[in-house]
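This report describes selected features of a single protein structure. It covers helix packing, a sheet and the contact between domains.

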Amino acid sequence: MTKANNLKKTYRSLPLGWYYEENQFKKEIKNTWSRDWIYVGHENSIKEKLEYITINIFKYNILILRDKFSKVRAYFNTCSHRGSIIADNSKGKFKSNVLICPYHQWSYDPSDGSLLGTTSKTNKDFNKKNCSLTKIQLKIWNGLIFINLGVKTSFSIKKVFQYYDKSLSKIDLSKFKIGRTWKKKVNCNWKIYWENFSECLHCPNIHPELSKLVPLYQRRIVDIKDVENWKILKKKKDPKFSGGLREGAETWSFNGSAQGHYIENLKKEIQTKGQIYISTWPSMFLGVYGDHIRIVRILPISNEEIELSAEWLFEEKTLKDPKYDMNNVSDFGILVMQQDSDISELNQKGVYNLSNKKGTLMPEEYIIKDFHDWLRRKLRTN
Ligand code: FES
Ligand SMILES: [Fe+2]
């Protein structure tokens with residue numbers, strides 16, 4: 001019998017208190033969110049000089065900008081005078097090449113965060129050099145911007161991505177253009193959204209449309225290798241067993257059509273698998289489908305809230321085609337994320353249980369087990 005991707009015994013899930021207790025959340029912010037590489041956005045989200053975006057990881061507000069040399073920089077969005085926020089919008093463009101605090105107008109150089117001037121008198125012992133903005137580590141990998149709030153940390157595919165499909169190296173993500181973005185606040189702990197992403201036991205009843213498109217999901221599994229006899233089943237012509245999309249479908253969209261815009265370099269892989277995923281805990285997963293890429297970012301607002309956002313990337317020629325209907329794919333993605341958000345909120349509502357029980361993991365939930373093990377390891381490091 002062929003081995004399957006399954007848990008061979010019944011493991012306990014995390015204590016329910018971990019999904020709402022303030023202390024636990026603070027530990028996770030300290031040991032994962034403040035130390036791991038966190039996805040910010042595609043570099044085309046700040047295309048022009050002096051354009052910026054801000055993101056929140058818990059209450060930490062971070063400013064990511066393109067300076068006058070077009071280099072991307074990241075700082076804590078905190079003035080060195082008395083701590084005011086400097087850029088108060090989620091995105092925008094600075095009017096001049098000087099960052100000015102809205103409170104008492106201290107000014108900073110966007111290229112290195114150094115303090116340029118104050119509006120007050122200064123004593124002899126005042127040293128501007130001690131009042132720069134706090135820099136944050138930044139890495140642009142394949143056109144994707146990542147930051148790290150911790151001390152000097154290297155960036156490697158092996159370390160950053162828990163799941164990495166090597167076929168992704170056949171395309172250059174930096175060449176793709178953003179066609180649409182979407183954002184939503186979801187009332188659930190960040191781990192609940194990840195657990196939902198990591199299994200398909202919920203697929204037939206929560207995602208009827210998606211389960212029609214990806215027939216494998218009707219069997220409540222994420223991979224053809226999730227059952228023991230997969231080698232035999234794979235030979236069946238039916239995508240419910242062999243994987244991939246339903247007969248005639250080319251991409252994740254309402255009608256399954258890629259409208260003549262297949263991502264050619266990955267055509268073969270996508271035809272076999274239906275989709276290609278990479279993911280990095282705790283903040284992002286990326287899916288490549290027939291004609292587009294969808295990047296989903298998860299950021300914690302509090303122990304019971306996340307900001308969920310998505311970017312749809314396309315090849316330039318696809319976006320330029322006036323006949324191409326982008327909503328065919330993006331609205332489909334939103335439908336699936338909305339269904340996952342609703343059920344994640346329902347999951348969150350139920351975790352308040354004074355017995356502080358632990359849940360139970362079933363054989364198909366092996367990715368959730370990996371996620372829990374990863375988190376436990378992170379929490380042990382300090
Ligand atoms: S807090 Fe920014 S100038 Fe005073
Ligand atoms: Fe789902």
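## Helix packing

Angles under 35 degrees count as roughly parallel, over 145 as roughly antiparallel, 65 to 115 as roughly perpendicular and the rest as oblique. The structure is a predicted model. In this model, the axes of helix α3 (residues 190–197) and helix α10 (residues 327–349) cross at roughly 125° and come within 10 Å. The two helices, α3 and α10, are therefore oblique to each other. The crossing in which α3 passes α10 is right-handed.

On the α3 side, the contact is made by Ile-192, Tyr-193 and Asn-196, which meet Asp-340, Ile-343, Ser-344, Asn-347 and Gln-348 of α10. Sorted by class, the residues in the contact of α3 with α10 are three nonpolar, four polar and one charged.

## The three-stranded sheet

An open sheet is formed by three strands, arranged in the order β2-β11-β10 with antiparallel pairing. Because β2 (38–42) and β10 (137–141) each have a single partner strand, they stand at the edges, and one side of each is left without a neighbour in the sheet. On average, and with direction ignored, neighbouring strands of this sheet are turned by 25° against each other.

The pairing between β2 and strand β11 (residues 144–148) is antiparallel and extends over four bridges. Within the sheet, Gly-41 is placed opposite Ile-145 of β11.

## Domain arrangement

The domain assignment divides the protein chain into domain 1 (1–36 + 161–382) and domain 2 (38–154). A distance of 32 Å separates the C-alpha centres of domain 1 and domain 2.

## Contact between the domains

Across the boundary, 20 residues of domain 1 are in contact with 17 residues of domain 2. On the side of domain 1 that touches domain 2, the elements giving two or more residues are α1 (22–33), β13 (177–186), β16 (293–302) and β17 (305–314). Of these elements, β16 provides the largest share of that side, with five residues.

What is the make-up, by class, of the side of domain 1 that touches domain 2? That side of domain 1 has 10 nonpolar residues, together with four polar and six charged residues.

Methods:
Residues are numbered from 1 along each chain as its sequence is written. Chains are lettered from A and ligands numbered from 1 in the order in which they are written. This is a predicted model: local features need pLDDT of at least 70, side-chain atom pairs count only at pLDDT 80 or more; totals for chains, interfaces and linings use all residues. Two strands pair if DSSP finds at least two bridges between them. Axes are lines fitted to C-alpha atoms, for helices over the stretch in contact, and angles run from 0 to 180 degrees between N-to-C directions. A crossing is left-handed if the near helix is turned anticlockwise from the far one by less than a right angle, and right-handed if clockwise. Two residues are in contact if their C-beta atoms, placed from the backbone, lie within 7 Å. Ala, Val, Leu, Ile, Met, Phe, Trp, Tyr, Cys and Pro count as nonpolar, Asp, Glu, Lys and Arg as charged, and the others, Gly among them, as polar. Domain bounds come from an automatic or database domain assignment.
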